[in-house]
Amino acid sequence: MILILAHFLPAWPSLNIYGFIWLKALNIAGTLLFLLGIILAAKSFLSLGASMSPLPYPKAEAKLVREGSYKDCRHPLYQSLLISSGGLMISLGSLLHLFLFIGLCAILIGKAKKEEHQLQLKHQEYIHYLKKTPAIIKGVPFLDWRN
């Protein structure tokens with residue numbers, strides 16, 4: 001949570017002190033990506049429904065969700081967080097936000113892999129879903145670790 005909240009810190013170092021003006025187009029594109037991430041997060045929460053858990057362990061009564069946002073991505077909430085984080089990084093042109101994005105990637109990858117181990121123990125059909133469906137972002141090696 002601290003890492004996510006740190007995204008609301010101002011850009012650092014400020015590019016203005018170096019006389020560099022961040023392109024308005026990058027600011028707009030980053031803002032749009034940030035908003036897209038928020039929309040995807042809301043959609044993912046709705047798809048997950050009662051199976052939602054902040055912990056990397058499925059709820060005892062939770063069913064395996066493979067529809068809605070989970071049809072094409074095993075971890076759409078993580079995907080939406082990374083899209084929003086990347087959007088802020090692009091919008092602000094901030095070195096701090098680049099490091100926050102990288103840190104968030106590392107933490108979410110670790111959490112996703114732990115969740116997947118637990119889901120394989122709970123749901124036998126998860127192994128087929130794991131092989132067929134991209135993890136976080138399709139085609140990005142460290143964000144899509146299908147076998």
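Tyrosine 126 and tyrosine 129 sit three residues apart in helix H5, about one turn of the helix. Helices here are DSSP runs of H or I with at least four residues, numbered from the N terminus. The model is predicted, so local features need pLDDT of at least 70 and side-chain atom pairs count only at pLDDT 80 or more, while totals for chains, interfaces and linings use all residues. Residues are numbered from 1 along each chain as its sequence is written, and side-chain values use heavy atoms, with hydrogens and water left out.

Back to the two tyrosines. A search of the whole structure turns up one aromatic pair, and tyrosine 126 and tyrosine 129 form it, edge-to-face, at 5.5 Å centre to centre with 65° between the planes. For such a pair, ring centres of Phe, Tyr or Trp (its six-membered ring) lie within 6.5 Å; planes under 30 degrees apart count as stacked, over 60 as edge-to-face and the rest as tilted. Tyrosine 126 has a relative accessible area of 1% and is therefore buried; tyrosine 129, at 4%, is buried too. Buried means under 20% relative accessible area, exposed over 50% and partly exposed in between (1.4 Å probe, protein chains only).

Tyr126 also turns up in the largest nonpolar core, which has 21 residues; Tyr70, Leu77, Tyr78, Leu82, Ile136 and Trp145 are likewise among those with the most contacts inside it. The elements giving two or more residues to this core are H2, H3, H4 (95-122) and H5 (126-132), and H4 gives the most, with six. Such a core is a set of buried Ala, Val, Leu, Ile, Met, Phe, Trp, Tyr and Cys residues joined through side-chain atoms within 4.5 Å. Leaving aside neighbours within four places in sequence, isoleucine 136 is in contact (heavy atoms within 4.5 Å) with Cys73, His75, Tyr78, Gln79, Leu82, Leu143 and Trp145.

Next, the helix packing. The axes of H3 and H4 come within 9 Å and cross at roughly 175°, so the two helices are roughly antiparallel to each other. Axes are lines fitted to C-alpha atoms, for helices over the stretch in contact, with angles from 0 to 180 degrees between N-to-C directions; under 35 degrees counts as roughly parallel, over 145 as roughly antiparallel, 65 to 115 as roughly perpendicular and the rest as oblique. Residues of H3 at this contact include Tyr78, Leu82 and Met89, and those of H4 include Phe101, Leu104 and Leu108.
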